[in-house]
Amino acid sequence: SSTILVFKALLEWGRAETPTGRRAIGILLFQDIALVPLMLLIPLLTHSGEPPSAAAFLTLGGTSLVFVAAVLAARWLVSRLLVQVVAGLRSVELVVLFTLCLLGGVCWGAHWLGLPPAIGALAAGMMLSGNRLSKQVDSIMLPFRETFVAVFFVTLGTLLDPNVFYQETLLLSVGLLGMLILKSAAAAVALRLVGLAWPAAGGMGLGLAQLGEFSFLVLAEGAQQGVFAASDYHRLLFIALGTLILT
């Protein structure tokens with residue numbers, strides 16, 4: 001689901017700190033982190049060569065665990081040591097420099113592991129969360145965040161070919177509706193299992209019904225690796241963008 005859109009909506013409605021909002025944000029972050037094994041799994045799904053062995057799946061699991069463990073260890077290091085040093089220098093410029101260096105380093109580390117830099121950016125945000133500089137970093141970076149989010153969604157819009165819908169109107173309409181129903185139901189059940197009443201779970205389930213921005217990374221990688229055909233890629237792209245527009 002789209003962390004950017006849902007989180008922004010929850011903040012605007014003042015519901016980010018409510019039980020419903022906190023559970024929804026937890027699901028969003030879990031979905032984002034789940035992108036790590038999904039991206040690593042895609043090369044194993046190609047039809048070329050031998051079927052993946054047990055060793056390949058163990059390597060996949062090991063790499064995912066190493067990445068998550070490294071993020072948690074780095075978060076402890078940043079909050080206990082580096083943040084104290086940067087805060088003691090009392091310089092806004094050094095806070096910005098520290099943030100950008102951390103972001104660039106973690107993005108490079110994700111790329112080195114064969115993951116998209118967007119995963120590195122998410123990990124860097126987790127490392128910076130929950131310490132005395134978090135709110136300052138957020139306020140300093142807010143103008144950049146809004147600008148890059150706008151550029152990102154403009155880029156997604158350029159990927160959409162409207163002719164695909166005109167050629168397969170019924171198929172794509174059914175696919176779009178089916179995706180919304182499937183994701184709404186899955187999110188509602190998940191939220192009900194973590195303690196929400198059915199009305200609240202159903203309402204928030206609708207809020208999580210879209211395919212998020214990270215899904216485009218999975219689609220692009222799957223198309224590049226030949227997991228599915230180019231025609232299926234454009235169909236899935238239309239359905240994903242359709243859910244975001246409806247959101």
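# Pocket, patch and salt bridges

Guide: Welcome! The largest pocket holds about 2,100 Å³ of space. This is a predicted model, where local features need pLDDT of at least 70, side-chain atom pairs count only at pLDDT 80 or more, and totals for chains, interfaces and linings use all residues. Residues are numbered from 1 along each chain as its sequence is written, and side-chain values use heavy atoms, with hydrogens and water left out.

Visitor: What makes a set of points a pocket, and what makes a residue part of its lining?

Guide: On a 1 Å grid over the protein atoms alone, a pocket is an open set with protein on both sides within 12 Å along at least five of seven lines, whereas a cavity is a set where a 1.4 Å probe fits but cannot get out; lining residues have an atom within 4 Å of a point. Grid points are joined across faces, edges and corners, and the volume is the space filled by probe spheres set on them. Here 44 residues line the largest pocket, with Ala121, Leu122, Gly125, Asp138 and Arg145 nearest its centre.

Visitor: Which helix gives the largest share of that lining?

Guide: That is α6, with twelve residues. Helices are DSSP runs (H or I, at least four residues), numbered from the N terminus.

Visitor: Why is leucine 81 called partly exposed?

Guide: Buried means under 20% relative accessible area, exposed over 50%, and partly exposed in between (1.4 Å probe, protein chains only). Leucine 81 has 44% relative accessibility, so it counts as partly exposed. Leucine 81 sits in helix α3 (residues 54–89).

Visitor: What forms the nonpolar patch on the surface?

Guide: Trp76, Leu77, Leu81 and Leu82 do, with about 380 Å² of accessible area together. Patch residues have over 30% relative accessible area and no salt bridge, and nonpolar side chains (Val, Leu, Ile, Met, Phe, Trp, Tyr) are joined within 5 Å, like charges within 9 Å. Areas come from the Shrake-Rupley method with a 1.4 Å probe.

Visitor: How do you know that arginine 235 and glutamate 168 form a salt bridge?

Guide: A salt bridge needs a side-chain nitrogen of Lys or Arg within 4 Å of a carboxyl oxygen of Asp or Glu. For arginine 235 and glutamate 168, the N to O distance is 2.7 Å, so the pair qualifies. The two are 67 residues apart, with arginine 235 in helix α11 and glutamate 168 in the loop between α7 and α8.

Visitor: What else does arginine 235 pair with?

Guide: Aspartate 232, again in a salt bridge (2.7 Å, N to O).
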